[in-house]
Amino acid sequence: MSERERDDHTGTETTGHEWDGIKELDTPLPRWWLWTWYGSILVAIVYWVLMPAWPGITGYTRGVLGQSDRAEVAQELKGLAAQRHAGESRLRAATLQQIEADPELQGYAMQVGASVFGDNCATCHGAGGAGGNGYPNLRDDIWLWGGSLDAIQHTIQVGVRSGHPQARGETVMPAFGRDQMLTEVQVSDLTEYVVALSGRKANAAAVGRARQTFVDQCVACHGAAGTGDVARGVPDLTDAEWLFGSTREAIHDQIWNGRNGVMPTWEARFSPETVKALAVYVHANAGGVAEPVAPAKAPGGEGVAAGAAGR
Amino acid sequence: MTTVIDTVSKTPPPEGPGPQSAAEKVRQQARDKGELYKPRVPIYPKLVHGKWRRIKWALLILTLTIYYVTPWIRWERPGALPDQAVLVDFFGRRFYFFGIQLWPQEIYFVTGLLVMAALALFLVTALFGRLWCGYACPQTVWTDLYIYVERAFEGDRNARMRLAAAPWSFDKLWRKGGKHAVWLAVAFGTGGAWIFYFRDAPTLLGEFWTGRAPITSYISCALLTATTYVFAGHMREQVCTYMCPWPRIQGAMLDDHSLQVTYRRDRGETRGPHKKGQTWEGRGDCIDCHACVVACPMGIDIRDGPQLECINCGLCIDACDEIMDRVGRPRDLIAYDTDFAVVERAAGRTPSYKFVRARTIYYTVALAGVSALVVWGLANRTPLDLHALRDRSPTFVRLHDGSVRNGYTLKIANRTFAPHTVEVTIIGVPGARLSTPGEAAGAPVRTTIAANEVRALRVFVTAPPMDAAASVPATFTIRARDTAATTETTFLTGVETPP
């Protein structure tokens with residue numbers, strides 16, 4: 001320690017440190033500063049007595065106030081459950097249409113729906129519901145299984161090819177190429193035919209060759225005009241939406257391999273109120289109109305309409 | 001430009017009898033024994049009479065009246081809106097100031113007001129020194145009030161010093177006790193008045209005494225009671241010298257031409273006692289009576305020159321004037337004066353005063369600019385406010401006929417006290433049709449926003465396939481009967497741009 005030195009001007013001692021002739025004054029702190037410090041110590045001691053503070057070997061000092069974050073969380077969860085109970089009973093009592101018409105109840109359903117969708121549906125359909133290759137886009141106006149509130153609710157309940165006894169999707173797209181039902185040339189020609197159906201430019205010769213194949217193999221489900229059948233989940237081949245991709249390669253691949261989408265049944269996992277809320281959420285996000293696509297095009301084949309009963 | 005007046009080193013501390021300034025006593029103590037912590041030397045400012053003291057009383061009454069009365073001023077507003085003229089409504093998220101109503105997102109007006117206040121403070125400081133510290137600062141005003149109470153119970157300076165030194169007796173007990181009781185009452189009144197700014201005053205008054213007020217009201221009241229009592233009663237000048245940053249900053253605003261409370265050395269020196277009948281030739285006017293020192297609430301000797309502690313309250317001017325009158329010398333030995341003038345007079349020249357200086361000009365320009373901006377902003381506030389939030393997931397949706405739909409959430413704020421029905425339109429997207437969920441595209445989109453509310457409105461914009469860039473700019477407009485608002489946004493066309 002260097003020698004203590006007193007500064008003449010202020011009468012204060014210096015710290016004894018010197019930098020290029022500049023010395024630091026050891027100015028004393030004001031006394032109230034000291035009292036503030038003592039005060040803080042006192043507050044700490046009071047805190048130890050009142051609140052959980054010191055860890056021990058088998059536990060910790062609990063404090064006389066009995067404060068516990070864990071108990072608070074449990075209490076809050078209980079309160080939340082009670083709050084939800086009120087909303088759930090209202091959802092149970094109302095029809096889907098009533099829910100949508102009541103702004104307050106609709107708002108509640110949207111919140112429940114958004115949360116459930118994010119946890120369960122977003123994995124395949126995407127966070128915003130825009131889908132992806134093989135997973136339907138839930139935001140547009142094209143619905144394989146119907147876009148009305150009731151149709152959406154039913155699809156969520158039973159799923160698609162899910163093993164549920166009432167599951168949607170008894171019709172399947174055959175793997176025409178893989179199962180050697182058609183030759184490579186026939187599949188290629190059919191691809192051109194389907195491209196032409198959607199209004200795009202296609203090889204006219206190939207389209208001509210495929211006409212009979214289409215009537216033989218495809219019309220039974222997709223209809224003579226290729227407009228599909230919502231009742232059986234048969235896609236419309238004439239619109240702008242392609243579940244498995246719109247390119248020639250993608251269409252060829254789909255005819256060759258015949259992929260069929262699967263969606264689980266959610267009946268066992270969600271309460272009926274949750275399914276309702278989810279249906280309202282999905283419906284609203286897609287535009288919220290009663291029947292998304294007006295059947296502008298006349299149904300294709302005669303045989304198609306005949307088998308369209310039931311779900 | 002800068003003249004350093006280092007009078008401390010030139011003038012040795014006065015020897016012999018006469019009261020020392022508190023600051024000098026602290027220095028003395030430090031010289032005697034080096035201590036780790038410095039005890040406060042109590043200051044017993046003596047009551048003075050005069051012009052500045054009268055101004056200080058007047059400002060004390062004025063500022064305290066504003067503080068206590070403001071929350072009780074009523075201002076009729078329609079419906080269930082609060083009828084309090086000045087109200088910071090945290091629950092309703094509004095700030096009411098007479099006819100002005102600010103929303104949280106308009107906090108920049110408050111920022112503007114604070115910038116204006118800061119610039120005004122700079123300008124006033126550059127011109128007239130620390131007027132704020134001496135006359136308007138709450139610390140000064142409440143300390144003055146507390147000293148007034150102290151004087152009422154314990155008497156003036158000498159009586160207070162005697163009482164402090166006296167042993168405990170009934171007389172000392174009731175005087176000290178009474179003082180602290182009144183101090184606490186004033187402190188409670190201060191904290192109590194504060195909370196009325198944040199909740200309807202008459203309602204809160206009832207709630208407060210029946211234990212039904214929000215816990216924050218009690219906590220705020222208790223905190224302000226404690227700080228008022230401690231700061232104005234016990235800390236006093238230490239708040240200014242140790243806690244407040246302003247004394248350190250003000251040096252940047254002051255220059256040689258700023259008016260400050262100044263001891264006119266040129267006239268006062270050489271100081272010394274003066275007996276009646278003696279000549280005034282060959283000596284200064286200062287008779288070294290220490291009237292200025294004992295009057296100082298900061299415990300300094302103004303004759304040591306400008307000091308960090310000095311709050312420019314002018315009480316030493318009044319004290320000195322009284323003495324000058326008595327000894328038959330002209331007033332204003334201590335006065336609001338500039339460093340420049342003192343130096344000029346000492347050199348035998350007549351000083352000039354420069355109020356228009358580069359510093360004061362640019363403070364004025366900045367102040368005028370910011371004020372104009374705030375006033376312009378307030379005058380041009382739109383009663384309706386519109387913001388469009390694009391859907392991000394998905395950014396667009398292709399419909400069965402190939403058309404493209406974008407989703408938006410419109411946030412419409414109605415800042416008026418009456419409901420507004422608006423019609424929403426969009427321009428910029430060729431062939432675009434607007435719709436709300438559940439409604440067919442093409443019908444006019446109308447909605448009603450309740451008074452003083454924000455409404456979120458989901459809208460879809462559907463456009464036929466187009467040959468355009470991947471995104472086109474678009475403008476939403478809302479139109480009410482007598483007002484409108486617009487906001488810019490983007491429409492994604494779904495066209496894939498080549499990489």
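Predicted model: local features only at pLDDT ≥ 70, side-chain atom pairs only at ≥ 80, totals over all residues.

Q: OK, what is the mean pLDDT of chain A?

A: Chain A has a mean pLDDT of 87, and 92% of its residues reach 70 or more. pLDDT is the predictor's confidence in each residue, from 0 to 100.

Q: And where does pLDDT stay under 50 in chain A?

A: Over residues 294-311, for which the model has 21 contacts beyond four places in sequence. A contact here is two residues whose C-beta atoms, placed from the backbone, lie within 7 Å.

Q: Which domains is chain A divided into?

A: Domain 1 covers 95-168 + 271-285, and domain 2 covers 184-259; the bounds come from an automatic or database domain assignment. Their C-alpha centres lie 29 Å apart. Where they touch, domain 1 of chain A gives 10 residues and domain 2 of chain A gives nine.

Q: Switching to the interface: how many residues of chain A are in contact with chain B?

A: 29 residues of chain A, against 26 residues of chain B. By class, the chain A side has 13 nonpolar, nine polar and seven charged residues. Ala, Val, Leu, Ile, Met, Phe, Trp, Tyr, Cys and Pro count as nonpolar, Asp, Glu, Lys and Arg as charged, and the others, Gly among them, as polar.

Q: Which element supplies the largest share of that side of chain A?

A: H1(A), with four residues. Helices (H or I, at least four residues) and strands (E, at least two) are DSSP runs, numbered from the N terminus.

Q: What does E3(A) pair with?

A: E3(A) pairs with strand E1 (residues 37-38) of chain B, in the parallel sense over two bridges; pairing takes at least two bridges found by DSSP. In that pairing, A:Leu29 stands opposite B:Tyr37.

Q: Now chain B. How many helices and strands?

A: Chain B has 17 helices and 15 strands. Its C-alpha atoms fill a box of roughly 110 × 60 × 45 Å, taken along the principal axes.

Q: And what share of chain B is buried?

A: Buried residues make up 29% of its 499 residues. Buried means 20 or more other C-beta atoms, placed from the backbone, lie within 10 Å of the residue's own; exposed means 12 or fewer, and partly exposed is in between.

Technical notes
Residues numbered from 1 in each chain as written. Chains lettered and ligands numbered in written order.
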